[in-house]
Amino acid sequence: MKKKYLILISSITLILILFGCSTKKEQFNDGNIVFNVVDTQSTNEFQTYRIEISNTTGFDLTHLSFNLSYPIKTSNGSKDNPFVVEGTVDNSAESVNLKSGETTTFSVYAPISEVFSDTNSLDFENPSVKLKGYFKKGDTEIPFGVSGGLNVLIDN
C-alpha cells in the first residue's frame, strides 16, 4: 500500500515539475529595432534620407509607418514640430511588414524651401523620427512606437 502511495506522490510531483517549469517567454523590446542611415543628401531646396530598419526583436512587425520631422528651435532648446514627412519603401503598394531578422529601407524626401518658410527656426541637424506599427504575438497584433532624435536612435 505504501508503495502505491509513493508511486502516486512521485508521479504527481513529476507532473507538477514538468508542467510547472515553463520556458521563459520572449518579451518584445523595441530597442531591438536597429536604425541605420544609409544615405543623406542636402541642398537649400531639399533633404533626402535613406534609413534602414532592421528587425532583431524576434517578432514579426506589421503595418509599419515612418515619419521624420525637424524640431522647432526655442530659447530653452527645442520642441516637437507637428509637420512631418512620411517615409516610403520602394516597391511597396501595401503596408510595410518586416519579419524577424529582415531589413527594409525607408526613403524620406523633405522639400525644405517649398514647405518651411523660416528655416532658421528649425533644427535640420537633429531630425526627429517616429516608427509606428504592430508586433505579432501569436495571432494578436499589439501596437508599438519608437520615437526620438535620429542621431540618438542610430547610436543605440
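Me: Which strands make up the open sheet of 4 strands, and in what order?
Reply: This is a predicted model, in which local features need pLDDT of at least 70, side-chain atom pairs count only at pLDDT 80 or more, and totals for chains, interfaces and linings use all residues. Residues are numbered from 1 along each chain as its sequence is written, and side-chain values use heavy atoms, with hydrogens and water left out. Strands (E, at least two residues) and helices (H or I, at least four) are DSSP runs numbered from the N terminus, and two strands pair if DSSP finds at least two bridges between them. Here the pairing is antiparallel, and the order of the open sheet is S1-S2-S9-S7.

Me: Which strands stand at the edges of this sheet?
Reply: An edge strand here has a single partner strand, so one of its sides is left without a neighbour in the sheet. This applies to S1 (33-42) and S7 (88-89).

Me: Which residue of S9 is the bridge partner of valine 89?
Reply: Strand S7 pairs with strand S9 (residues 103-110) in the antiparallel sense, over 2 bridges. Valine 89 has its bridge partner in S9, and that partner is phenylalanine 106.

Me: Is phenylalanine 106 buried or exposed?
Reply: A residue is called buried under 20% relative accessible area, exposed over 50%, and partly exposed in between (1.4 Å probe, protein chains only). Phenylalanine 106 has a relative accessible area of 1%, so this residue is buried.

Me: How many aromatic pairs does the structure hold?
Reply: Rings of Phe, Tyr and Trp (its six-membered ring) pair if their centres lie within 6.5 Å; planes under 30 degrees apart count as stacked, over 60 as edge-to-face and the rest as tilted. By this rule the structure holds 7.

Me: Why is the pair of phenylalanine 59 and phenylalanine 135 given its class, and which class is that?
Reply: Phenylalanine 59 lies in the loop between strand S2 (47-55) and S3, and phenylalanine 135 in strand S10, so their pair ties together parts that are 76 residues apart in sequence. Both phenylalanine 59 and phenylalanine 135 are buried. Their ring centres are 5.4 Å apart and their planes stand at 70°, so the pair is edge-to-face.

Me: What class has the pair of phenylalanine 66 and phenylalanine 106?
Reply: Phenylalanine 66 in strand S3 and phenylalanine 106 in strand S9 are 40 residues apart, and their pair links distant parts of the chain. Phenylalanine 66 is buried, with a relative accessible area of 0%. The ring centres are 5.3 Å apart and the planes at 20°, so the pair is stacked.

Me: What distance separates the C-alpha atoms of threonine 74 and serine 121?
Reply: Threonine 74 belongs to strand S4 (residues 72-74) and is partly exposed, with a relative accessible area of 34%. Threonine 74 and serine 121 are 47 residues apart along the chain, and the separation of their C-alpha atoms is 7.8 Å.

Me: What pattern does the protein follow along the sequence?
Reply: The secondary structure comes to 3 helices and 11 strands. Read along the sequence, these follow the pattern α-β-β-β-β-β-β-β-β-β-α-β-β-α.

Me: What share of the residues in the protein is buried?
Reply: Phenylalanine 66 and phenylalanine 106 are examples of buried residues. Of the 156 residues in the protein, the buried share is 30%.
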